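Please read them with the structure open beside you.

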Amino acid sequence: MSAAPTTETKPAPPAIEKIKVKVDGREIEVPRLTADWSGKLMPTTMIQACELAKTDVPHYCYHPKLPIAGNCRMCLVEFGTPALGPDRKPILNPDGTPKVVKSPRPAIACATPVSPGMEIYSNTPGVKQMREGVLEFLLINHPLDCPICDQAGECKLQEYSVDYGQSASRFVEPKVHKPKSVDLGPRIMLDDERCILCTRCIRFTKDIAGDDALGIINRGSFNTLTAYPGKAFDNNYTLNTVDICPVGALTSKDFRFQMRVWFLKETKSVCTSCATGCNILIGSREKKIYRYTPRENDAVNGPWMCDYGRLNYKWIGREDRLTKVQSPKSKVQGQPASWSSALTEIAELLKKTPAGSVAIIASARQTNEELWLISKLKAKLGAISDSVSRMGEGDKLLVSADKNPNTNGAQLTGIAANLMGANLPKIVEGIRNGKIKTLIVFGEDVTRHGMGADLLGKLETLIVSDILPNATTKLAHYLLPGCAHAEKRGTFTNTKGRVQKFMKAVEPPGDARPEWEFLHDLVCNVTGQDGFLTIEGLFNEMANAVSALNGLTWAGIGDAGVTVKI
Amino acid sequence: MIVKRKPLNLLERLYLPAIAGGFKVTLRHFFKKKVTMQYPEEKWAVPPGYRGAPYLVRDQEGNTKCVSCQLCEFVCPPKAIKIIPPGPAGRLADRPNAEKMPAEFEINMLRCIFCGFCQEVCPEEAIFLQKDYSLTGASRAEMIYNKEKLLALGGTHPGIQKWKHKLEEAKEQENFPVKV
């Protein structure tokens, strides 16, 4: 099944008629219809035309993945349309071009469809004045507490005030004060004073998350965003409202007062909490991870991600991480072993094992490259292998029922049985009747999967690689500390077969090493065949060897990933 | 270019007149006003506007002014400042309304170059370059000044207390128009 890698298979979209419009004097062609937030084809709006023309139009309430509200008035632009004579034919200029008549009033670019021959003016003195005016009104009741606001640094109100606003306020009256630090839900803190009433959060939670929890009460200056009385704002997608909030009204309780955003290094990565593989940015500073934020990828997660995945990063920085290599000798001496000595000893042991006496339990939380290296080891040793399946509850939006990030990778590389976990009873049986004498475990606590301490005690050699200590690591003869996905590079194959790569955000603690690095050494020691020592070379080598991945390259899969046939 | 040396005459070769001349200068200075300051027993009076070591200040009510916005940490050219923000579970500020204050604030005085950027960038008027110019310590660790030390050294700087005024303004509006 050597299928050429494709992007998401979709029916070819019907050809959409193109129309010509002018943005700030430059003529461009735009499609007459564009997909809106729900994927339905709607007339292309002026803001979309401006985006295609690479002209920035400031906006607050408009979000490409949300229904249009048109309430912030920030995207006001001037425009003109070709004039028609009494005979309903275009009036021509003396030079033969159609005469364009400027509309007497501006229009909001986010909700006004374009028409053929339309001219959009986004840079006129009038537009500048309108933007200044809108910003002045937005700032009338804004508390300007940027020094204590978590949004500072990624706040659209700050950015647009600098780009389009006035330098001083003319407002001398007392500001309207609203509730501050309102506990909106288990993960969300609301500051009503900062809210500019763009209603992005209301539209998101109603139309995308399907939980109509938020609304605006009171009138005029006293407009206040609030949750439905007596109901907590606690669906699994609440933290997306923090991302789309253009100001600091909705902030994450988890990230509250943790770190200013301008210090965070953002690393492109992939969420590992389920098989969906939402694209994320890891915000880290020095050795600490502070937050995950979704990275837009329309083929996978759009601009959203679930709260569970977003907050599932704290284990990476845990104090009890495995940081030391352990071998039987070092256990006696009470000192950590060195990587080279442990890997050489393991290789010597494995070389001596008779075929069929080794079992490998890898994890579907490991990367494609690591699983492929393990499959090389498996082939050499004639071992039986499998991994552990983790099924849970999924939902309609993003959460997948499969909680392993790389189930498909484990199956493509031949590590997992066709029905994941089907080989586990066979391995248990093999250990019990003494056929299997060596067990290699990666990232799984096998004591929870039918292999109790008494059974593991029967083994001659137990080689374990893991990130956090558990009952299996305690029994290990050889313990190899591994890395979390944020500490290494690699690729996962998600539930739809999309191969996505992730980058390294932080350094691993202590002696811990990326699994693919020491697996490369181990495979080299056991098989005598050297491979690539870089992740790029390793990936390309794997892509050549695994039929489903044929034709892929590390550079070629890019930031958004490539879908392969699974 | 060759500079020709004039041969010394007899008087010059004797040296004694020159020595006498030297002693005359020394003797004259014995009776002049002394210009050497007896440092460190005697200290220099620092002129106003002098930029010495940066310290944190409190407001007139004894509250910490710093809200841990970390702009000084960002702007600091030698990276001498390290601030640990309070986090979500952190202690609330010791002053009303401003919800945030640093859990820890450290200035490494060995790195600090007294440039004054921190004072310039501070939106809260919470850090000022003061008059200390000679900082000593027995170890490197001792030269990292923590929040308590910086506040103790900084003293008080009366200011506009904007957070307090905001709170007062908010209290006046509390039941208007409808209590939410």
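1. The axes of H2 (residues 125-140) and H3 (residues 156-164) of chain A cross at roughly 140° and come within 10 Å. This is a predicted model, in which local features need pLDDT of at least 70 and side-chain atom pairs count only at pLDDT 80 or more, while totals for chains, interfaces and linings use all residues. Residues are numbered from 1 along each chain as its sequence is written, and chains are lettered from A in the order in which they are written.

2. On the H2(A) side, the contact (C-beta atoms, placed from the backbone, within 7 Å) is made by A:Arg131, A:Glu132, A:Leu135 and A:Leu138, and on the H3(A) side by A:Leu157, A:Tyr160, A:Ser161 and A:Tyr164. These residues divide into five nonpolar, one polar and two charged.

3. Between the chains, 20 residues of chain A are in contact with 21 residues of chain B. The side belonging to chain A has 10 nonpolar, six polar and four charged residues.

4. B:Pro85 lies in the loop between strands S2 (81-84) and S3 (104-108) of chain B. B:Pro85 is buried because 21 other C-beta atoms lie within 10 Å, the cut-off for buried being 20 or more. Leaving aside neighbours within four places in sequence, B:Pro85 is in contact with A:Phe257, A:Gln258 and A:Met259 of chain A, and with B:Ser68, B:Pro102 and B:Ala103 of chain B.

Technical notes
Two residues are in contact if their C-beta atoms, placed from the backbone, lie within 7 Å. Ala, Val, Leu, Ile, Met, Phe, Trp, Tyr, Cys and Pro count as nonpolar, Asp, Glu, Lys and Arg as charged, and the others, Gly among them, as polar. Helices (H or I, at least four residues) and strands (E, at least two) are DSSP runs, numbered from the N terminus. A residue is buried if 20 or more other C-beta atoms lie within 10 Å of its own, exposed if 12 or fewer, and partly exposed in between; C-beta atoms are placed from the backbone. Axes are lines fitted to C-alpha atoms, for helices over the stretch in contact, and angles run from 0 to 180 degrees between N-to-C directions.
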